[in-house]
Amino acid sequence: MESTALSVDGVTMQFNLAKENVDNLKEYVIRKIKRQLNYEKFCALRDISFTLEKGDSLAIIGKNGSGKSTLLKVISGIIRPTAGSVTVNGSIAPLIELGAGFDQDLTARENVFLNGAVLGYDKKFMREKYDEIIDFAELWDFVDVPVKNFSTGMAARLGFSIATIITPEILIVDEILAVGDHDFQVKCENKMSEMLSRGATLLFVSHSEEKVKQLCRRALWLDHGRARMLGSADEVCDAYLQA
Amino acid sequence: MSAYLKKFIQYRGLLSQLVSKDIKTKYRRSMLGYLWSVLNPLMMMMILTVVFSTVFRNDIPNFPVYFLTGQLIFNAFSEATNTAMSSVISNSALIKKVYFPKYILPVSKAGAAFVNFVLSLIALVVVLALTKTSISWAILLLPLPLLYLLLISTGVGLFLSALAVRFRDIVHLYGVVLTALMYLTPIFYPITILPDAARQIVSFNPIFHILEMFRCVVMYRTVPSLKANLVCMGFSIIALCVGMLTFKKNQDQFILYL
């Protein structure tokens, strides 16, 4: 049994910051001929390395545009890093954008199965868990309503319920609990704490210093794509606030 | 390789979910629903039969069946490739937020178009019955041309969807290509009216070969030759290989252009 849940090794992410997006053929050919195809490079992440033990919790803090979400996307496999590697041992539940896979024209019931499939769960498993999902989301009155008629909070509730239906080994949470009313936020936090107590590893992005200190043991401070500080949550938070 | 297979097995549920979603939403809110898959080709065939038996005289025996077979095959290919082409672009929100094998998107579109096509074969059954066309055991080989059609449209769909992300012009250009391809397919004319040079060009059109085989088993009551099968198989393999390679090579870049 390995004790590392996640190791991020020298991850660098570079985007072509095309000033005018060259996405048509004519433009591409003209620029190729004129040799103007040099894009401005933008480094969203520079040489980030850290490891997370099983059961550990890490908060990622930093200003807007410092690369927090990019890092989470690299870890959950949505984007492939330009350099470096990410090794994950175990299942990941990315709570990055809740309900991203919802089809607006389908009903809540149909979306539960569709979203479950997007996350890679099979139909039989989803059928078993269906009641539990709707229970947690408190949406029994709306199961046959198309999702386009849902409020943002309702859709987020459904998304959270689906994404947390398994107890994942690694939970990735990106500032999502800002939607939903107070009661539901508390419910989500309780569920997350429960998962942590069962040994899940947490990766958490938030601007709320209070929640970071409450949920996480360690913290990583990103500044313009560089790791500025990595240490215990209290220390890093305090340094971040003073900067 | 086994890792790919494992991924595919894990996500095959997603593939079937997406296919059934497409079929469900296609006719949602229309009163006749799935019936449109049958009615649409039937009505088109009626119009064209009237046009071609009065305005442009032709001497194709059993024109309704001749035209309907051509139209069904070509429309299936056109719908599959067209929807597959824009599948990655239109699902950009999903690709940016969740990890899943991206090829599922164009493949599911090709699959949905194929299911729709199989449904519209009911129209063919109706017309075969109305025109009292006799069929033979050869019809049991019907799955062959259908399989080739599915493979070729999946391959072309993969290829187009990967290119369209990089160059959006493809979306507009492909409409023209499809029109050219339609005239290069003997949907409403017999191949014999073409001069030799044109016939040479048509022989590079994979849809022509599939259509020939389809008509073979449905109307001409003959078993398709080994050569015809090899030609269709060759086209299928080339389309799939080119499609998969292009897609695999480009898929990591998608997120930068969406």
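Leaving aside neighbours within four places in sequence, with which residues is Gln17(B) in contact? In this predicted model, the contacts of Gln17(B) are Glu110(A), Phe113(A), Leu114(A), Ala117(A) and Lys123(A). Gln17(B) belongs to helix H1 of chain B, which covers residues 2–26. Its relative accessible area is 11%, and because buried means under 20%, Gln17(B) is classed as buried.

The side chains of Asp103(A) and Lys21(B) meet at 3.0 Å, N to O. Asp103(A) lies in the loop between strand S5 (92–95) and helix H3 (108–118) of chain A, whereas Lys21(B) lies in helix H1 of chain B, so the pair joins two chains. Both partners, Asp103(A) and Lys21(B), are buried.

Chain A itself comprises eight helices and nine strands. Its C-alpha trace spans about 60 × 50 × 35 Å along the principal axes. Of its 243 residues, 49% count as buried. Among contacts in chain A between residues at least 6 apart in sequence, 72% join residues at least 24 apart.

Over all chains, the structure holds 17 salt bridges. One of them is formed by Lys129(A) and Glu132(A), with an N to O distance of 3.9 Å. Both residues lie in helix H4 (residues 123–137) of chain A, three residues apart, about one turn of the helix. Lys129(A) has 22% relative accessibility and counts as partly exposed; Glu132(A), with a relative accessible area of 39%, is also partly exposed.

A further salt bridge is found between the side chains of Glu138(A) and Lys187(A), at 2.6 Å, N to O. Glu138(A) is located in the loop between H4 and helix H5 (152–163) of chain A, and Lys187(A) in helix H6 (residues 182–197) of chain A, so the pair ties together parts that are 49 residues apart in sequence. Glu138(A) is partly exposed at 47% relative accessibility, and Lys187(A) is partly exposed at 24%.

In chain B, Gln71(B) is situated in helix H3 (residues 63–90). With 6% relative accessibility, Gln71(B) counts as buried, since the term applies under 20%. Residues up to four places away in sequence not being counted, Gln71(B) touches Pro41(B), Met44(B) and Ile187(B).

The surface of chain B was also examined for nonpolar patches. Leu226(B), Leu230(B), Met233(B) and Ile237(B) make a nonpolar surface patch of about 420 Å². Within this group, Leu226(B) is placed in helix H10 of chain B, which covers residues 226–250. The relative accessible area of Leu226(B) is 65%; because exposed means over 50%, this residue is classed as exposed.

Notes: Residues are numbered from 1 along each chain as its sequence is written. Chains are lettered from A and ligands numbered from 1 in the order in which they are written. This is a predicted model: local features need pLDDT of at least 70, side-chain atom pairs count only at pLDDT 80 or more; totals for chains, interfaces and linings use all residues. Side-chain values use heavy atoms; hydrogens and water are left out. Patches are made of residues with over 30% relative accessible area and no salt bridge: like charges are joined within 9 Å, nonpolar side chains (Val, Leu, Ile, Met, Phe, Trp, Tyr) within 5 Å. Accessible areas come from the Shrake-Rupley method with a 1.4 Å probe; for residues, only the protein chains shown count as cover. A salt bridge is a side-chain nitrogen of Lys or Arg within 4 Å of a carboxyl oxygen of Asp or Glu. Helices (H or I, at least four residues) and strands (E, at least two) are DSSP runs, numbered from the N terminus. Buried means under 20% relative accessible area, exposed over 50%, partly exposed in between (1.4 Å probe, protein chains only). Contact means heavy atoms within 4.5 Å.
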